[in-house]
Amino acid sequence: MNNVIKGISYFVLLVLIQALILNNIHFLRLITPFLYLYFIVKMPVGFTSARVTFLSFLLGLIIDIFSNTPGMHAAACTFAGFARPAIIKVLMGDELPDAISPSFKTFGYGGFFRYAIVLVVLHHFTLFIAEALTLFDPLFLLIRIVASVVATTLLICIVEAFNVEGQRND
Amino acid sequence: MRKLLDFLIGKRHWFLFIFLEFVSIALIYRNNAYQQSVMFSTANIITANIVSVTGSVTSYLNLREKNKDLLERNGKLEMELLRMKDMIEAMKADTAVFRAFVNDSARFFPYDFTTAKVINNSVTYLSNYITLNKGRKDGILPDMGVVSESGVVGVVSTVSDYYAVVLPLLNTKFKLSCKVLGSNHIGSLSWNGRSARYANLDELPRHVQFQIGDTIVTSGYSAVFPEGILVGFVSSFERQRDDNFNSLKVELATDFQRLSNVMVIRNFRQEKQWAIEREAQGDE
């Protein structure tokens with residue numbers, strides 16, 4: 001029960017931060033960090049694929065409603081959420097206990113960073129491709145993807161480093 | 001049979017994944033059209049209330065500059081008014097007054113406007129949208145034109161009871177018919193997704209004379225904007241591939257990055273114009 005409340009508060013807080021603050025950032029017209037991915041990053045390892053996929057979809061849909069881009073974030077999040085169990089399996093192996101959430105402590109600094117960046121790359125790639133369906137400009141697209149991936153991953157790692165709750169989790 | 005069921009249950013996340021992706025793509029395509037559904041946009045009452053929090057905070061940030069802009073604009077309009085009064089006086093002096101025509105001067109001007117506040121705005125995406133704090137209850141309807149104190153902003157696309165979403169010039173789906181001030185040939189203005197300061201005016205016939213710095217205004221053909229509203233200034237141009245048209249790079253007059261108050265224009269004759277245009281197209 002406690003975990004459910006924790007999860008919901010993460011969800012609401014990240015959506016609000018994204019919708020009210022980060023969506024207004026457009027550094028050099030290229031970079032918008034999508035910190036809300038932190039929610040997908042932090043879901044417990046033991047969650048089933050179906051559950052992660054569904055929660056990711058829901059998160060994406062709500063972000064979509066706030067940014068007037070119906071379907072784009074939803075598609076990208078669904079894909080990232082769907083791929084997450086496979087990423088964890090490939091990067092960290094099968095032997096992780098179900099109850100832990102990915103963090104610097106449980107995955108190690110390198111492990112967490114690799115895991116976060118793969119997830120972010122998958123998400124951003126899908127998101128920007130979905131957006132580019134309306135207008136195709138390959139070089140600009142690539143620059144935007146790379147710049148936003150760097151910003152989002154950095155932000156996720158910074159938030160993780162300051163997330164006391166994540167450190168004493170286990 | 002049992003094996004098949006086991007297989008299906010074992011792979012249920014695949015089905016869920018495919019289903020959800022399908023829903024997302026359906027949403028993308030369904031909403032790619034000019035009109036969005038209210039539920040999935042910031043015109044929806046809950047999201048609009050939440051985003052208006054930041055809107056009301058940021059609206060205080062550049063009040064000083066806004067004030068300066070408005071004063072300047074006010075001064076310009078006053079000068080224009082004086083010049084026009086002067087012109088009218090001069091004309092009156094030169095014209096023999098014929099009483100029977102007096103009624104003619106009170107011609108009906110079919111436009112009216114409402115002011116609204118921008119509560120949410122984006123300039124980074126390829127499809128940007130602006131949310132306004134007024135909606136159907138304030139008389140705002142889809143397809144009304146939106147202008148700022150400095151120039152054209154966009155067209156209302158989705159309206160809920162208290163909020164409206166505007167499709168601005170900075171949206172790759174938006175096209176606006178424009179002309180160079182002083183000529184009557186129209187071209188089509190669209191955005192290329194790069195800089196929030198510039199848009200492109202294409203399909204302008206090559207023989208139209210213009211210079212760098214010339215003013216681009218609305219053509220008034222669309223029934224959304226009156227004729228002659230400022231859009232921007234020519235900043236550079238190039239021949240289009242087929243050589244009969246020029247493509248102009250236009251510096252937009254509206255600064256979308258710090259938009260805070262706008263006017264929504266209502267054309268009382270819009271529906272009539274569209275009805276008759278549809279009728280004409282149907283006749284073909």
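Trainee: Why does Gly187(B) count as buried?

Mentor: Because Gly187(B) has 24 C-beta neighbours inside 10 Å. A residue is buried if 20 or more other C-beta atoms lie within 10 Å of its own, exposed if 12 or fewer, and partly exposed in between, with C-beta atoms placed from the backbone. Keep in mind that this is a predicted model, where local features need pLDDT of at least 70, side-chain atom pairs count only at pLDDT 80 or more, and totals for chains, interfaces and linings use all residues. Residues are numbered from 1 along each chain as its sequence is written, while chains are lettered from A and ligands numbered from 1 in the order in which they are written.

Trainee: OK, and which strand is Gly187(B) in?

Mentor: Gly187(B) belongs to β7 of chain B, residues 186-190. Strands here are DSSP runs of E with at least two residues, helices are runs of H or I with at least four, and both are numbered from the N terminus.

Trainee: Which residues does Gly187(B) touch?

Mentor: Leaving out residues up to four places away in sequence, Gly187(B) touches Cys178(B), Lys179(B), Leu201(B), Asp202(B), Glu203(B) and Leu204(B). Contact means that the C-beta atoms, placed from the backbone, lie within 7 Å. Ser247(B) is 60 residues away in sequence, with a C-alpha to C-alpha distance of 8.9 Å to Gly187(B).

Trainee: Zooming out, how many helices and strands does chain B have?

Mentor: Chain B has five helices and twelve strands. Out of its 284 residues, 33% count as buried.

Trainee: What do the strands β1, β2, β5, β4, β3 and β12 of chain B form?

Mentor: A barrel: six strands close up in the order β1-β2-β5-β4-β3-β12 (chain B), with antiparallel pairing. Two strands pair if DSSP finds at least two bridges between them. As one example, β4 (152-159) and β5 (164-168) of chain B pair over five bridges, and Val159(B) has Ala164(B) as its bridge partner.

Trainee: Switching to the interface, how many residues does each chain put into the contact?

Mentor: Chain A puts in 33 residues and chain B 36. On chain A's side, α3(A) gives the most, with nine residues.

Trainee: And how do the residues on that side of chain A divide?

Mentor: Into 16 nonpolar, 13 polar and four charged. Ala, Val, Leu, Ile, Met, Phe, Trp, Tyr, Cys and Pro count as nonpolar, Asp, Glu, Lys and Arg as charged, and the others, Gly among them, as polar.

Terms used. Two residues are in contact if their C-beta atoms, placed from the backbone, lie within 7 Å.
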